[in-house]
Structure formats: structure tokens, C-alpha cells
Amino acid sequence: KPTQGVISAEPEPIKLDWSSTALVIIDMQRDFMEPGGFGETLGNDVSQLARAVRPISAVLKAARDTGMLVIHTREGHLPDLSDAPPAKVERGAPSLRIGDPGPMGRILIRGEAGHDIIPELYPLDSEVVIDKPGKGAFYATELSDVLEKYGIENLLVCGVTTEVCVNTTVREANDRGYRCVVISDGCASYFPEFHEMGLKMIKAQGGIFGWVATSAAVLEAMK
Ligand code: TIU
């Protein structure tokens, strides 16, 4: 098995050691991907996100074959909403609010069917699952400790949505010193134009937040 590879990325290629690299799959939960969940209650067309599943699935398989650390995140809240800021719960005019009963259980609540990861990308028991109350995966989670424990310096990041939880997490990670390579077709947004700009914002200015590469380029580097 190769221990390192060069990813053909923008704004420039990047060489990574797989032993110090983790695949981070952001919030591929039924609540964002399926009708009746949190994403749809906000007024979004959830069908926009399905395109990210196959590219993520292919990279996940390669990461498992390589033995890379795999981390899945889930956005959600405790059943008593003690970790949900009122400013988040009260926001806007959704059809159902966080904690309300929906067709996949209570909206965005840990332990409910809608909060779980979609079957196609379901975590193995050996993989890390980070439950987070916010959009970024570092805020109020154990992610920093996990990355330090495994000696991780680089993150391959994918998931949903490009401009919300993916961008927030990449910005948090970049400030903490991690090299982030965002998998372009492994991300998706309810707004195609935000997806496109969200990726551009990461790789502009010499890679101000990180690198962007296609799943094909990542797979090629992992061969
Ligand atoms: N609404 C939206 O685009 N995203 C979120 O609320 N969370 C994530 O991106 N996971």
C-alpha cells in the first residue's frame, strides 16, 4: 500500500502522508439529505445534495483500503435542547423547529432517525463519529483531541453543505494549522451558486483556507 501521494489540487498540487491525514465527512445525515428533515424545514430543495454521495462513497472506500483515519460528523442537539442556543432554535420561520416531531423523529436531535448518517456512508464501528452542536466541527467537540491523538496534520474534507458546515469546519481547521483539501464533487449545497463560490473562497489567494481537488484526483493520488 502506498504511504503517501500527490493530489492534483488547486491552487497547486499537494503531497500528503496518509498516516497523518484523516478523511472528514461532514454531516451526511438524513436530516440534511432527505425530505422531512431539518434541511427541508428551512425551505430547501434537498435533492440538490444527492450528487455528493457517490464521490464520497468512492473516497471512503479508498480511505478504508489505505487504513486512513476516517471521521464522520453529525450536527445535532441533546433531547433537552440544553446545547441548542435559543438564537439558533428561534431563527427564521421554518416549517418545523429544532426539537419538533417530524417524519424522521424530532428535528436535528441526537438519537433520532433523521439525525443519523445515510446508509450508503454509514460509519464502521472502528471509525470516529463527532457530534457537534454548531456548524463547525471543532466548536464544543472533542475533534482537536482526536486529531492530536492520531497525529493528524492534514484533512481531506467532504460533505454538506459546502458553504455552511464544510466552510466553517475548514476555516476552523485552517486556523488550527491543519492542511485542508476539500473534495469538490464530494460537497454539495442547496444553492449550486453557493457551492461554486464556497469552493472558490477556499482556494483563492494562494489557498487562503486550503486546497480543492476532485474525487478523481484524490483517488488517483491514493492508488
Ligand atoms: N442549512 C445548511 O445549508 N446547512 C446546515 O444547516 N448544516 C450543515 O451544513 N451541515
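Two strands pair if DSSP finds at least two bridges between them, and the legends below rely on this definition. The model is predicted: local features need pLDDT of at least 70, side-chain atom pairs count only at pLDDT 80 or more, and totals for chains, interfaces and linings use all residues. Residues are numbered from 1 along each chain as its sequence is written.

**View 1. The overall fold of the protein.** The secondary structure comes to eight helices and ten strands; helices (H or I, at least four residues) and strands (E, at least two) are DSSP runs, numbered from the N terminus. The radius of gyration, taken over C-alpha atoms, is 17 Å, close to the 17 Å of the globule rule for 223 residues (2.2 Å times the number of residues to the power 0.38), so the protein is as compact as a globular protein of that length. Along the principal axes, the C-alpha atoms fill a box of roughly 45 × 35 × 30 Å. Of the 223 residues, 47% count as buried, that is, with 20 or more other C-beta atoms, placed from the backbone, within 10 Å of their own.

**View 2. The open sheet of six strands.** The strands follow the order S7-S4-S3-S8-S9-S10, with parallel pairing. Strand S7 (128-132) and strand S10 (211-213) are the edge strands, each pairing on one side only. From one strand to the next, the twist averages 25°; axes are lines fitted to C-alpha atoms, for helices over the stretch in contact, and angles run from 0 to 180 degrees between N-to-C directions. Five bridges link strand S3 (residues 21-26) and strand S4 (residues 69-75) in the parallel sense, and Ile25 has His72 in S4 as its bridge partner.

**View 3. Helices packed on the sheet.** Helix H6 (residues 162-175) lies across S3, S4, strand S8 (154-160) and strand S9 (179-188), and runs at about 170° to S9. Helix H8 (residues 215-222) touches S8, S9 and S10, and its direction makes about 125° with that of S9. Two residues are in contact if their C-beta atoms, placed from the backbone, lie within 7 Å.

**View 4. The antiparallel pair S1 and S2.** Strand S1 (residues 4-7) and strand S2 (residues 14-17) run antiparallel and are joined by four bridges. A hairpin of six residues connects S1 to S2. Val6 stands opposite Lys15 in S2.

View 5. Among the residues around the ligand are Asp27, Glu75, Lys135 and Tyr190, where the C-beta atom, placed from the backbone, lies within 6 Å of the molecule. The shell divides into six nonpolar, two polar and three charged residues. Ala, Val, Leu, Ile, Met, Phe, Trp, Tyr, Cys and Pro count as nonpolar, Asp, Glu, Lys and Arg as charged, and the others, Gly among them, as polar.

Note on methods: Buried ≥ 20, exposed ≤ 12 C-beta atoms within 10 Å, placed from the backbone.
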